[in-house]
Amino acid sequence: MHDPSCIFCKIIAGQIPSKKVYEDDDVFAFHDINPWAPVHFLLVPKQHIPSMAQVGPEHERLLGKMLLLAPRLAAEQGCNPYPEGGFRIVCNTGAEGGQEVHHLHIHVMGGPRPWVRG
Ligand code: AMP
Ligand code: ZN
């Protein structure tokens, strides 16, 4: 369930500090330490799944929950309403997908432009 060498497992366990956005039994969300946009947080499963390359049918409910949470948390964190506002969801997967932390996470980014990146 947990990888003792994983930085996001340590954040979820409270062993590394983070700015928490949301938590329930299945998921944890916290502000990205190096934000690209005025709003930039990460939504992660509490279970250590390395990436989207490892998900299966057993994760259907979890992934559905994460995707349904994203717009709600985006609005709560200050993203402006669709369609003038909105947000971007990014899920980097593997080295060629730009993934640096190998614990599945969804980036949720938004807020007025210009952004730092993206
Ligand atoms: P990725 O490149 O998709 O694996 O993204 C990993 C993200 O984790 C990057 O945007 C980092 O800024 C972010 N990150 C790394 N360490 C921390 C941390 N301790 N707290 C919050 N965000 C972090
Ligand atoms: Zn982990």
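**Note on the zinc site and surface of the predicted model**

1. Both H48 and H103 are buried (buried means under 20% relative accessible area, exposed over 50%, partly exposed in between, with a 1.4 Å probe and protein chains only). The model is predicted, so local features need pLDDT of at least 70, side-chain atom pairs count only at pLDDT 80 or more, and totals for chains, interfaces and linings use all residues. Residues are numbered from 1 along each chain as its sequence is written, ligands are numbered from 1 in the order in which they are written, and side-chain values use heavy atoms, without hydrogens and water.

2. The zinc ion (ligand 2) is held by C6 (SG), C9 (SG), H48 (ND1) and H103 (ND1), at 2.0 to 2.3 Å. Donors are N, O and S atoms within 2.8 Å of the metal (3.2 Å for Na, K and Ca). Along the chain, the donors of this zinc ion follow the spacing C-x2-C-x38-H-x54-H. H48 lies in the loop between β3 (39–45) and α2 (60–76), and H103 in the loop between β4 (87–90) and β5 (106–110), so the pair ties together parts that are 55 residues apart in sequence. Helices (H or I, at least four residues) and strands (E, at least two) are DSSP runs, numbered from the N terminus.

3. The site of the zinc ion (ligand 2) is tetrahedral, with angles of 105 to 117° among its four donor atoms; four donors count as tetrahedral if all angles lie between 85 and 135 degrees.

4. F87 lies in strand β4 and is partly exposed, with a relative accessible area of 36%.

5. I33 is in the loop between β2 (27–31) and β3, and counts as exposed at 85% relative accessibility.

Note on methods: Tetrahedral: all angles 85-135°; square planar, octahedral: opposite > 155°, others 65-115°.
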